[in-house]
Amino acid sequence: MVASRDARFSPGDRVTTIGSWQDYAIVDANVMPVRPVRPDVSLVQAMGPLGMNALTAYMGMTKIGRPEAGDVLVVSGAAGSTGSVAGQIGKIMGCRVIGIAGSTEKCNYLTQDLRFDAAINYREANVEQQIRALAPAGVNIFFDNVGGEILQAAVENIAKYGVIVLCGQIAGYDNSEPISGPRNMMRLVYGSVRMQGFLLGDFEDDIPAATDQLWQWLSAGKIAHREDVREGFESLPESFGDLSKGLNDGTLLVVTNSQEANATSV
Ligand SMILES: NC(=O)c1ccc[n+]([C@@H]2O[C@H](COP(=O)([O-])OP(=O)(O)OC[C@H]3O[C@@H](n4cnc5c(N)ncnc54)[C@H](OP(=O)(O)O)[C@@H]3O)[C@@H](O)[C@H]2O)c1
């Protein structure tokens, strides 16, 4: 029996937290966020459409991007776990949404399944030119998961008073050195542009309300989500490497017990 000496948790409770790749962990809930899983959702749902990446998308859009109806929103890493939710929240908030992803299949998924207004395959197109063609008046919000040259393409197209939401820099995660920042920062000066990074943990107190909102949107069919679930603890290193190769389709999860991972507790 797995139990906790912390009075807030009882045997059988399901929680999520941030830890290492291990079967069992002792976690201090006063130091790390330990979030209860709603009884009516599975662990896959708790890590997928209600998980850390979806919550990050929610906070990045509502707290940092803060779009107004009619804004042009561009999302990089758009077919991934964080990006797909960020773009769909943009649609709910009335934006015209353009996604950037790395294959035709992913671009079709964005426009056909997630109802994005347009998608750019960065492996085949000149991203800077494509953004300009699709958003001639400029990009109001750029939600960036990638960094590097894709961030540069957005800088070159950012509108007056635009916002660049720095969520991640995945283009540099397999480099030994941090990737360079963008050039031509005078565009941000002349455009009075705000560029802001953030961490999900900056908004810990808002997470319960955000989870409820995401669940409502999901239940109402306003947000679609896909999980790429792999089996077995031993598949973790390869699965992690697949993130930087674009070989994941949606939120990449590794489960050790798929029956337990897909069950609710009601
Ligand atoms: N700020 C926070 O608190 C926070 C929290 C969670 C996640 N994040 C960030 O969110 C980002 C997305 O993470 P995720 O877990 O949701 O992953 P994900 O989007 O599900 O998977 C990563 C995707 O990034 C794309 N990618 C990888 N290397 C790329 C490159 N060099 N250029 C362009 N695209 C590339 C790939 O898709 P393609 O096939 O389209 O290339 C890949 O499928 C990461 O930067 C992560 O650090 C931030």
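Helices (H or I, at least four residues) and strands (E, at least two) are DSSP runs, numbered from the N terminus. Residues are numbered from 1 along each chain as its sequence is written. The model is predicted: local features need pLDDT of at least 70, side-chain atom pairs count only at pLDDT 80 or more, and totals for chains, interfaces and linings use all residues.

By these rules, the secondary structure of the protein comprises 10 helices and 10 strands. Along the principal axes, the C-alpha atoms fill a box of roughly 60 × 35 × 35 Å. Of the 266 residues, 36% count as buried. A residue is buried if 20 or more other C-beta atoms lie within 10 Å of its own, exposed if 12 or fewer, and partly exposed in between, with C-beta atoms placed from the backbone. Contacts are defined by C-beta atoms, placed from the backbone, that lie within 7 Å. Among contacts with a separation of 6 or more, 59% join residues 24 or more positions apart.

Two domains are assigned: domain 1 (1-36) and domain 2 (52-201). Their bounds come from an automatic or database domain assignment. The C-alpha centres of domain 1 and domain 2 lie 34 Å apart.

Helix H3 covers residues 81-92. Its 12 residues should span 16 Å at 1.5 Å a residue, and its end C-alpha atoms are 17 Å apart, which agrees. The expected span is 1.5 Å times one less than the number of residues. Of the 12 residues of H3, 10 are buried, so the helix is largely enclosed by the rest of the structure. The buried set includes Ser81, Thr82, Gly83 and Ser84. Val85, Ala86 and Ile89 are also among the buried residues. Packing partners of the buried residues are helix H2 (52-65) and strands E3 (72-76), E4 (96-101), E6 (139-144) and E10 (251-255). Just after H3, Gly94 takes a positive phi of about 90 degrees.

H3 also contributes to the ligand shell. H2, H3 and helix H9 (236-245) each supply at least two residues of this shell. Around the ligand there are 29 residues, of which Gly80, Ser81, Gly102, Gly168 and Gly246 come nearest. A residue is near a molecule or strand if its C-beta atom, placed from the backbone, lies within 6 Å of it. By class, the shell has 13 nonpolar, 15 polar and one charged residues. Here Ala, Val, Leu, Ile, Met, Phe, Trp, Tyr, Cys and Pro count as nonpolar, Asp, Glu, Lys and Arg as charged, and the others, Gly among them, as polar.

Positive phi values also occur in residues other than glycine. Arg66 has phi near 45 degrees and sits in the loop between H2 and E3. Arg66 counts as partly exposed, with 13 C-beta neighbours inside 10 Å. For Arg115, phi is near 60 degrees. Arg115 lies in the loop between helix H4 (104-113) and strand E5 (118-121). With 13 C-beta neighbours inside 10 Å, Arg115 is partly exposed.

Asn257 occupies the loop between E10 and helix H10 (258-262). Asn257 is exposed, with 10 other C-beta atoms within 10 Å. From Asn257 to Ser180, the separation is 77 residues in sequence and 41 Å in space, C-alpha to C-alpha.

Terms used: Contact = placed C-beta atoms within 7 Å.
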